[in-house]
Amino acid sequence: MTDFYFIRHGKTPANADGIKQGTINTTETYLSETGRKQAQTLHEHFDISFADRIISSPLQRTKETTKILNQTANLPVTYDKRLLEISYGKWDGQKNKDLEAVYPDVFDHVLHDVLPTYAPLANGETFEDVISRAGQFMVDTAQQYPQDRIIVVTHGFTVKAAVLTALGDPDEKMVVEEPDNTSVTKITKDINSGAYYLRYFNRMVNSEF
């Protein structure tokens, strides 16, 4: 079986400002000082030397997080575009609260996040597209590394998509919210049976309840 440890990148200035980052890769989406401290704290409390490799999204915020997490373990690192954040199309770079005010019908007002029906309005990537690529990533990686323990450094919606895949892609997509920055989510894939196991979700260092 293949164990995936999905880690969301550290906080960015865009996160702090409530901006939809999507696939933007400019300085506003690089790690902030807070984000670097978050990654360092995770590094100090989550020894990744047990793992076989790291696979990361190729965006700068995930690369920076990977570098901090890997400073002691020195695991081999590769990058996979299937781990990119969802692209919100023309909504990338816009403030979430402004979008929710203008387009309330395509927002969940508990999670304050877009519903699947947002995509045609924004010309954005669909939920199903991200769920599909996250699922294919896990299948292909488990086939290539059927006994490995793999650190996956990625993005909030991409972790959500992986969890929805493990849950059988339920009709209700908002049942899972995006995890916190530098949280760890563990999913096991048995390539022989095809089964997924969600072992834990959104586990944080120094969690507050």
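Leaving aside its neighbours within four places in sequence, Phe-201 is in contact (heavy atoms within 4.5 Å) with Val-163, Val-176, Glu-177, Pro-179, Val-184 and Thr-185. The model is a predicted one, in which local features need pLDDT of at least 70 and side-chain atom pairs count only at pLDDT 80 or more, while totals for chains, interfaces and linings use all residues. Residues are numbered from 1 along each chain as its sequence is written, and side-chain values use heavy atoms, with hydrogens and water left out.

Phe-201 belongs to strand β8; helices (H or I, at least four residues) and strands (E, at least two) are DSSP runs, numbered from the N terminus. With 31% relative accessibility, Phe-201 counts as partly exposed, a class that lies between buried (under 20% relative accessible area) and exposed (over 50%), as computed with a 1.4 Å probe on protein chains only. Although Phe-201 and Val-163 are 38 residues apart along the chain, their C-alpha atoms are separated by 8.3 Å. Leu-198, also found in strand β8, is partly exposed at a relative accessible area of 35%. Beyond residues up to four places away in sequence, Leu-198 touches Val-163, Leu-167, Thr-185, Lys-186 and Ile-187. From Leu-198 to Phe-4 the C-alpha distance is 9.8 Å, across 194 residues of sequence.

Val-163 leads on to helix α7, where it is one of the buried residues. In α7, 11 of 11 residues are buried, and these pack against β1, α6, β6, β7 and β8 (196-203). Just after α7, Gly-168 takes a positive phi of about 90°. Asp-169, in the loop between α7 and β7 (184-189), has a positive phi of about 55° although it is not a glycine. The relative accessible area of Asp-169 is 27%, so this residue is partly exposed. Asn-123, in the loop between α5 and α6, likewise shows a positive phi of about 55° without being a glycine. Asn-123 counts as exposed because its relative accessibility is 65%. Most residues other than glycine have a negative phi.

What of the interior? In soluble globular proteins, nonpolar side chains tend to be buried together. A nonpolar core is taken here as a set of buried Ala, Val, Leu, Ile, Met, Phe, Trp, Tyr and Cys residues joined through side-chain atoms within 4.5 Å. The largest such core has 33 residues, of which Phe-6, Trp-91, Tyr-118, Phe-137, Met-138 and Ile-187 touch the most other members. Two or more residues each are given to this core by β1 (2-8), α5 (119-122), α6 (127-144), β6 (149-154) and α7 (156-166). Its largest share, 7 residues, comes from α7. Phe-6 touches Phe-137, Met-138, Val-152, Thr-154, Val-159, Ala-162, Ser-183, Val-184, Thr-185 and Ile-187, residues up to four places away in sequence not being counted. Apart from this core lies another, of 13 residues, with Ala-51, Leu-69, Ile-151 and Val-153 among them.

Val-153 is also a contact of Thr-66, together with Ile-54, Ser-56 and Val-77, when neighbours within four places in sequence are left aside. Thr-66 lies in helix α3 (residues 60-69) and, at 3% relative accessibility, counts as buried. The side chains of Thr-66 and Ser-56 are joined by a polar contact of 3.4 Å. A polar contact is a pair of N or O atoms within 3.5 Å; within protein, one must be able to donate a hydrogen and the other to accept it, and residues adjacent in sequence count only if both atoms are side-chain atoms. Setting aside neighbours within four places, Thr-188 is in contact with Met-1, Thr-2, Asp-3, Ala-195, Tyr-196, Tyr-197 and Arg-199.

Helix α3 also packs with helix α2 (residues 33-45), at an angle of about 35° and with the axes 8 Å apart. The axes are lines fitted to C-alpha atoms, for helices over the stretch in contact, and angles run from 0 to 180 degrees between N-to-C directions. From α2 the contact takes in Arg-36, Ala-39, Gln-40, Leu-42 and His-43, and from α3 Glu-64, Thr-65, Ile-68 and Leu-69.
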